[in-house]
Amino acid sequence: MILGGTGEASALARLIVSRPGIDAVLSLAGRTSVPRAQPLPVRSGGFGGAAGLQDWLRRERTDAVIDATHPFAAQISANAVAACAGTGVPLGTIIRPPWQSCPGDQWLGVADMNAAADALGPEPQRAFLTLGRQELSAFARAPQHSYVTRLIELPEGIPLPPRIDFILARGPFEFDAERRFLEENRITILVSKNAGGPATYPKISAARSLGLPVIMVAQPDKPAGVRLDSPEAALGWLEELSKDHGRSMSGSERRV
Ligand code: NAP
């Protein structure tokens with residue numbers, strides 16, 4: 001079973017469908033009402049904590065779990081560590097390293113969203129928030145700024161700052177488009193999670209090229225199993241497991 005919701009999870013799904021003998025399911029949190037099409041069967045929604053995940057792994061006779069969730073999705077990763085330890089199911093975790101600043105970057109590193117809101121300072125800014133829906137509520141504490149945010153779906157039922165513009169769009173966004181976006185929206189500062197990886201990096205290089213500061217929220221500690229650095233490494237790990245299990249299991253199918 002692949003815990004997904006990221007480009008790495010989708011890439012691993014594509015790799016797995018081309019390998020006969022691995023029977024896999026992709027698990028999504030169910031936050032997006034119309035998720036991208038996937039090449040593997042998809043299950044959607046929370047499991048009900050580590051205990052619920054443990055029950056699911058037993059019920060589905062799961063032989064391995066790959067945690068390919070986002071670097072900021074720490075809860076599901078903690079649940080995966082606990083549930084796999086409780087069931088003896090091997091766990092591999094795809095670790096995406098954070099971005100490193102380079103010459104020309106003006107980053108201010110902060111530990112969490114409240115610190116990011118405070119770091120915008122007392123003077124009114126026009127801030128581009130490239131964050132998840134739930135994380136926007138932290139900026140209600142800094143109503144002196146005006147904000148632009150870009151999301152797949154509008155947030156519901158959370159406190160928001162009084163002046164916030166929503167742009168509904170789904171990436172990827174290339175460098176030229178990001179630069180244009182920052183200029184057209186008269187952005188003076190960005191707030192970004194240090195997500196790592198190439199998919200959402202163009203906004204960071206666009207900010208550098210315009211001399212704009214970025215408030216960069218550090219990755220949380222993400223509990224992990226066997227650390228894997230790519231979807232290809234995850235497939236290799238699964239294939240090794242499959243060989244080891246092959247001697248003790250009958251039949252050719254392995255459920256991941
Ligand atoms: P989270 O805080 O770690 O997870 C909260 C709860 O959501 C989990 O306890 C679990 O519910 C459920 N959940 C999360 N991922 C799941 C999955 N793949 N399959 C089934 N249930 C899942 O995670 P999050 O930050 O809300 O992120 C949710 C999903 O969005 C993840 O799959 C992640 O990869 C993706 N995502 C997150 C971010 C981000 O910045 N956090 C960005 C892009 C994509 P139960 O306890 O009920 O099982």
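**Exercise 1. How many nonpolar, polar and charged residues does the shell around the ligand have?**

Before we start: this is a predicted model, where local features need pLDDT of at least 70, side-chain atom pairs count only at pLDDT 80 or more, and totals for chains, interfaces and linings use all residues. Residues are numbered from 1 along each chain as its sequence is written, and side-chain values use heavy atoms, with hydrogens and water left out.

*Solution.* 
- Step 1: collect the shell. There are 22 residues around the ligand, and the closest are G4, S27, R31, F47 and K193. A residue is near a molecule if one of its heavy atoms lies within 4 Å of it.
- Step 2: sort by class. Ala, Val, Leu, Ile, Met, Phe, Trp, Tyr, Cys and Pro go in as nonpolar, Asp, Glu, Lys and Arg as charged, and the others, Gly among them, as polar.
- Step 3: read off the tally. The shell has seven nonpolar, 12 polar and three charged residues.

**Exercise 2. Work out which polar atoms sit by the ligand's oxygens, and how much of the ligand the protein buries.**

*Solution.* 
- Step 1: look for polar contacts (pairs of N or O atoms within 3.5 Å; within protein, one must be able to donate a hydrogen and the other to accept it, and residues adjacent in sequence count only if both atoms are side-chain atoms).
- Step 2: F47 has a backbone N or O atom 2.7 Å from a ligand oxygen, and a polar backbone atom of G49 is 3.0 Å from an oxygen of the ligand.
- Step 3: For N79, a side-chain N or O atom is 3.3 Å from a ligand oxygen.
- Step 4: turn to area. On its own the ligand exposes 800 Å², and the protein buries 76% of that. These accessible areas come from the Shrake-Rupley method with a 1.4 Å probe; for residues, only the protein chains shown count as cover.
- Step 5: assign elements. β3 (26–28) and α3 (74–87) are the elements that give two or more residues to the shell, and α3 gives the most, with four. Helices (H or I, at least four residues) and strands (E, at least two) are DSSP runs, numbered from the N terminus.
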